[in-house]
Amino acid sequence: MKPAFLELSPDAHRVPVRFAGETLMLPEGANLAAALLAAGVTVLRHTPVSGAPRAPFCMMGACFDCLLEVEGVVRQACMIEVTEGLEIARPHEGPCDDTL
Amino acid sequence: MTRFDLAIIGAGPAGMAAAATAAEVGMSVCVLDEQPRAGGQIYRDVERAAGLRGDILGKDYTQGAPLVAGLRQAVITHVGGAVVWAIEPGFRISYTCDGAAAQIEAARVLLATGALERPMPLPGWTLPGVMTAGAGQILLKQSGVLARRAVLVGSGPLLYLIAVQMVRAGTPPLALVETQRRADLIRSAQHLGGALRGWRYLLKGLGLLAEIARARVPRHTGATEIEVEGEGRAEAVSFESRGKHHRIACETVYLHHGVVPNTQAARSLGVSHKWNAAQACFVPVLDEWGQSDVPGVCIAGDGAGIGGARVAEIAGRLAALKLAEEAGRLSASDRDDRATPLHAALSVERAARPFLDVAYPPYAGAIAPTDTTVICRCEEVTAGDIRSYAGIGCLGPNQTKAFGRAGMGPCQGRYCGLTVTALLAEANGQSPDETGYYRIRPPLKPITLGELASMDGPEKDAAG
């Protein structure tokens, strides 16, 4: 079955980003949360309370359900634009460097 | 630290119009906005998107472009991507931008922080694939991203608008599951006479309904017992309508039953708020210019009470005139001369609102959710938890934090605050005003230590 979301302009210039160990080709400058949804990603994180899966909900920086670890900092995916080579992990699931 | 005559928080229609008006009379203005490009949520990314998909989004969207263009003048500093996290008296405003914290000072502040979707807690609303209808619109406006198999759930004109935009884009929703009842429509008829002055809105609404009917999108009205079903993600919406049980398989659910003022910044400044029964939300206490009970702080746009984009634009101009007069840039009579046509326009733009508020009330099942429904998404507190706190003596929302962390997650109560107030008010037999709301303190949005450490100190500024 086709992904849940479709892009009206699929021919946008794409750049590679790393998401949870996979390489995804996302439109450069696109809203990261929107780009991940369009790439077929359904779950962005699991809650620290019960481990329930979550994904973008409000798309305007208010609900914090789209939290991701981007370049080592937990941030809202809906408030970030796609740039080449972004390193993204699900929060608390990325590699942890205890030596720092 | 740079000092401005006026700081405006939010670059939606109210903030943009206020900036232009203040600039006209020579005030230096700084507009801080969270989004990289101006427009607010209603005109999100309009300068980029109008050319690409203006035909889908419609004229009411593309008309935001001139307002955005109006920000490009020497006396206006527009800082995009600026997340404001503290506003201190005097006023000193702290924000994060590009991974670093920064501050400005301003003699006066206009809060134009807009609206949030009214929280719509129902079983399954935290599942991936469930989003607000506003989120669905933002995906379309900013990113050209559309849900292939979506069900729209709730009530209100925005639901019809996004349905039509999805039809035009070639991905019609599978169905509209509407919660308003026949009785609501009948009750709203008494406001129809007044609403005729706002005929433009009514005509637009009828046009939208006709487009939905032509596209043969099924509409179910008077829906109750609504649940989103799914294992790990949304797979179906089930509900009762006209005495029958329905289940619609889908992948995306867009929820909407109205929008409510985003009061976080105003509350952090100590602005008084009162319950507005007609709109079922708290609104700041303001005079006819948008002046709050905190000197130097005005509020305009949906953050002052829901009125929509045109009302926001006019209210932004009115607030700017008032602030300019206070700053000595305009005489009181000049201010009033400029304001007269604006006040008249405002009353026309607001005319349809009482009709809409009654015709499309919030979904009762989400105002008093079932006990097992999660109401605080961040801390996963249920409606039953809140009721049990009330049972052991919890009177106000701030106490629920101590009982079970409701409102203490990263969203800081934005998506549970009204629900917690409603649940406690009901359980304790008190009014929403008596029950109150979360106390809001800075930081208004999370900030990292690294961002804080990167801020220029005041001493450094003074020396430099």
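1. Rings of Phe, Tyr and Trp (its six-membered ring) are called a pair here if their centres lie within 6.5 Å; planes under 30 degrees apart count as stacked, over 60 as edge-to-face and the rest as tilted. With that in hand, a search of the whole structure gives 7 aromatic pairs over all chains. One of them is B:Phe282 with B:Tyr437, an edge-to-face pair at 5.8 Å centre to centre and 70° between the planes. This pair links distant parts of chain B, 155 residues apart: B:Phe282 is in strand E19 (residues 281-284), and B:Tyr437 is in the loop between helix H18 (432-435) and helix H19 (449-453). Helices (H or I, at least four residues) and strands (E, at least two) are DSSP runs, numbered from the N terminus.

2. A word on the model before going on. This is a predicted model, in which local features need pLDDT of at least 70 and side-chain atom pairs count only at pLDDT 80 or more, while totals for chains, interfaces and linings use all residues. Residues are numbered from 1 along each chain as its sequence is written, chains are lettered from A and ligands numbered from 1 in the order in which they are written, and side-chain values use heavy atoms, with hydrogens and water left out.

3. B:Phe282 is buried at 5%, and B:Tyr437 is buried at 12%. B:Tyr437 also forms an edge-to-face pair with B:Tyr438, at 5.7 Å centre to centre and 65° between the planes. B:Tyr438 is buried too, with a relative accessible area of 2%. Ring pairs join B:Phe282, B:Tyr437 and B:Tyr438 with B:Trp275 in a cluster.

4. Now please turn to where the two chains meet. Chain B gives 48 residues to the contact and chain A gives 38 residues, where contact means heavy atoms within 4.5 Å. The size of an interface is often given as the accessible area lost when the parts come together. Here chain B and chain A bury about 3,500 Å² between them, with 61% of it on carbon and sulfur atoms; buried area is the accessible area (1.4 Å probe) that two parts lose on being put together, summed over both. On the chain B side, B:Arg148, B:Arg377 and B:Glu380 lose the most area to chain A, together 18% of what that side buries.

5. B:Arg377 deserves a look of its own. Its charged end sits over the ring of A:Phe57, 3.6 Å from the ring centre. B:Arg377 also lies over the face of B:Trp125, at 4.7 Å from the ring centre. A charge sits over a ring if NZ of Lys or CZ of Arg is within 6 Å of the ring centre and within 35 degrees of the ring normal.

6. Which polar links join the chains? There are 2 salt bridges between chain B and chain A, a salt bridge being a side-chain nitrogen of Lys or Arg within 4 Å of a carboxyl oxygen of Asp or Glu. A:Glu81 forms a salt bridge with B:Arg37, the closest N and O atoms being 3.1 Å apart.

7. Over all chains, the structure holds 28 salt bridges. In chain A, the side chains of A:Arg45 and A:Asp65 meet in a salt bridge (2.8 Å, N to O). A:Arg45 lies in strand E4 (residues 45-46) and A:Asp65 in the loop between strand E5 (53-54) and strand E6 (67-70), so the pair ties together parts of chain A that are 20 residues apart in sequence. A:Arg45 is buried at 8% relative accessibility, and A:Asp65 is buried at 1%.

8. Chain B has a salt bridge between B:Arg108 and B:Glu326, with the closest N and O atoms 3.1 Å apart. The pair links strand E6 (residues 100-111) and helix H11 (residues 309-326) of chain B, the two residues being 218 residues apart. B:Arg108 is buried at 17%, whereas B:Glu326 is partly exposed at 31%.

Definitions and conventions
Buried means under 20% relative accessible area, exposed over 50%, partly exposed in between (1.4 Å probe, protein chains only).
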